[in-house]
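Thanks for coming. I will take a few minutes to walk through one model and what can be said about its contacts. Please look at the structure first.

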Amino acid sequence: MAIHKLINFITVSEAVGVSKPYMYKNPAIRGRIETLRSQQTKVQTPKAVKQNMNDENKDV
């Protein structure tokens with residue numbers, strides 16, 4: 001099972017060792033993080049999948 005790490009300015013700044021303000025001011029970096037973050041929201045977390053399963057099966 002793969003471990004997914006949330007993509008946001010905090011996790012990226014900690015991983016690469018640069019400040020958050022630097023990333024916000026750099027249009028290329030900021031755009032890439034925002035693009036990846038928007039793609040990430042389309043993937044359901046295990047908790048969301050479990051919740052959906054419970055909601056679908058509660059009348060069974």
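Let me start at Y24, which counts as partly exposed at 39% relative accessibility; buried means under 20% relative accessible area, exposed over 50% and partly exposed in between, with a 1.4 Å probe and protein chains only.

A word on the source. This is a predicted model, where local features need pLDDT of at least 70, side-chain atom pairs count only at pLDDT 80 or more, and totals for chains, interfaces and linings use all residues. Residues are numbered from 1 along each chain as its sequence is written, and side-chain values use heavy atoms, with hydrogens and water left out.

On confidence: pLDDT is the predictor's confidence in each residue, from 0 to 100. The protein has a mean of 78, with 60% of its residues at 70 or more. Helix 2 (residues 20-25) is highest at 94, and helix 4 (residues 46-57) is lowest at a mean of 66. Helices here are DSSP runs of H or I, at least four residues, numbered from the N terminus.

Back to Y24. How many aromatic pairs does a search of the whole structure find? One. The ring centres of F9 and Y24 are 4.0 Å apart and the planes are at 20°, so the pair is stacked; rings pair with centres within 6.5 Å, and planes under 30 degrees apart count as stacked, over 60 as edge-to-face and the rest as tilted. F9 lies in helix 1 (residues 9-16) and Y24 in helix 2, so the pair ties together parts 15 residues apart in sequence.

F9 itself is buried, at 3% relative accessible area. T11 and S13 of helix 1 are buried too. Just after helix 1, G17 takes a positive phi of about 80°.

Terms used: Helix = DSSP H or I, 4+ residues; strand = E, 2+ residues; numbered from the N terminus. Phe/Tyr/Trp six-rings, centres within 6.5 Å; stacked < 30°, edge-to-face > 60°.
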